[in-house]
Amino acid sequence: MPEKIDKIGKWSEEKLSLLGKYLHSYTNIMKGQSWCKNGYYYIDAFAGTGKPKSKDEERYIDGSPLVALKIKHPFMSYIFIEQEGWRIGKLGKLKEAFKNINIEIKEGDCNKIISNDIVTKVKYENFNRGIIFLDPFGMDIEWSTIKNIANTRALEIFMNFPVMAINRSILINNPDKLTKDKVERMNKLWGSPNWMSDIYKETPDLFGLRIEKVSQTGKSLGDMFRNRLKEVFPEVTFPLVMKNSNNAPLYCLLFAGHNATGKKIVEDIFKGFESLKS
Ligand SMILES: C[S@@+](CC[C@H](N)C(=O)[O-])C[C@H]1O[C@@H](n2cnc3c(N)ncnc32)[C@H](O)[C@@H]1O
């Protein structure tokens, strides 16, 4: 059987470069914090294989686990979570390659692993801190997971909010065609059915009430989710919209944490990226 490999586009490489910049700043600050004696963690909730290939060239890329492992001042501990067995096998090679670094690999649904295991392990009162990278393909993150992370006060998130997946499955012209499965998925991501009233509006016409889709951009969807994040995290950045080569929004990057400095660092990184693109 041919070897299975993940292929990623240019926009994913840009996302990884932005992540790397923040991780570098984070550990650069944390390495001098002697109070954080029990360690600061990098947790990759959707870790992938560690080494995807570029879509357009025969070239391997450092996926998020490797980006995090190769930073100048490494984290004290790394946890990589991945649902697919074949990808877990590849992640195992990173443990061999980085023998001196504390790496744990966990197989399964990150929502369950974070809520049952991680949030009880990384504790504010034990002087632990950490960052969780949430990088799903689609609508796989659950609001309850985000809320559990926020409640630790010790963990912050750098996340990929899946605009294109939402556009394809939820933002359809005829809401009667929304399937129960898709609505339930969006409810889990949003943590309530309240998104519905922002996305579909009831408009009166000759025959009564007509339900119409409200036109949304990547930015407006990202802002809606930002407002949701602000209900549980004190510091949330603006959403950085990442687009493909056809200028279609793919996802937004967002940071949510407990510390104003963290937010400022990420916003500066995002603004630098936006000014390069304009
Ligand atoms: C976009 S990829 C991650 C890419 C990775 N961050 C990188 O930079 O190479 C999403 C990954 O999440 C995994 N995944 C999907 N749902 C998951 C879940 N509920 N829990 C854990 N992993 C999941 C997929 O198998 C896939 O490897």
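**Figure 1. Residues around the ligand in the predicted model.** The shell around the ligand comprises eight nonpolar, five polar and six charged residues. In this classification, Ala, Val, Leu, Ile, Met, Phe, Trp, Tyr, Cys and Pro count as nonpolar, Asp, Glu, Lys and Arg as charged, and the others, Gly among them, as polar. The model is predicted: local features need pLDDT of at least 70 and side-chain atom pairs count only at pLDDT 80 or more, whereas totals for chains, interfaces and linings use all residues. Residues are numbered from 1 along each chain as its sequence is written. Of the 19 residues around the ligand, those that come nearest are Phe46, Gly48, Gly63, Ser64 and Gln83. Strand E4 and helix H4 (110–121) are the elements that give two or more residues to this shell. A residue is taken as near a molecule or strand if its C-beta atom, placed from the backbone, lies within 6 Å of it. Helices (H or I, at least four residues) and strands (E, at least two) are DSSP runs, numbered from the N terminus.

Figure 2. A residue is buried if 20 or more other C-beta atoms lie within 10 Å of its own, exposed if 12 or fewer, and partly exposed in between, with C-beta atoms placed from the backbone. In a regular strand the side chains alternate between the two faces of the sheet. Both faces of E2 are covered, with Tyr40, Tyr42 and Asp44 buried on one side and Tyr41 and Ile43 buried on the other. E2 runs parallel to strand E6 (residues 129–134), to which it is joined by five bridges. Tyr42 has Ile131 as its bridge partner in E6. E2 also runs parallel to strand E4 (residues 77–82), here with four bridges. In E4, Phe80 stands opposite Asp44. Two strands are said to pair if DSSP finds at least two bridges between them.

Figure 3. Pro136 is located in the loop between E6 and helix H5 (143–152). Pro136 is partly exposed, because 17 other C-beta atoms lie within 10 Å. Apart from neighbours within four places in sequence, the residues in contact with Pro136 are Phe46, Ile141, Asn160 and Pro162. Contact requires that the C-beta atoms of two residues, placed from the backbone, lie within 7 Å. Phe46 is also among the residues that come nearest to the ligand.

**Figure 4. Packing of helix H1 against helix H10.** Two packed helices are described by the angle between their axes and the distance between the axes. The axes of H1 (residues 10–30) and H10 (residues 260–277) come within 10 Å and cross at roughly 145°. Axes are lines fitted to C-alpha atoms, for helices over the stretch in contact, and angles run from 0 to 180 degrees between N-to-C directions. The crossing of H1 with H10 is right-handed; a crossing is left-handed if the near helix is turned anticlockwise from the far one by less than a right angle, and right-handed if clockwise. H1 contributes Leu18, Lys21, Tyr22 and Ser25, which meet Ile265, Val266, Ile269 and Phe273 of H10. This contact has six nonpolar, one polar and one charged residues.

**Figure 5. The hairpin of strands E8 and E9.** Strands E8 and E9 form a hairpin with two residues between them. The pairing of E8 (residues 200–205) with E9 is antiparallel and extends over six bridges. Thr203 stands opposite Arg210 in E9, and Pro204 has Leu209 as its bridge partner in E9. Of the six residues of E8, zero are buried, so E8 lies largely in the open.

**Figure 6. Two loop residues with positive phi.** Most residues other than glycine have a negative phi, and most peptide bonds are trans. Phe127, in the loop between H4 and E6, has a positive phi near 65°. Phe127 is partly exposed, with 15 other C-beta atoms within 10 Å. Asn247 likewise has a positive phi, near 65°, and lies in the loop between strand E11 (240–243) and strand E12 (249–257). Asn247 is exposed, with 6 other C-beta atoms within 10 Å.
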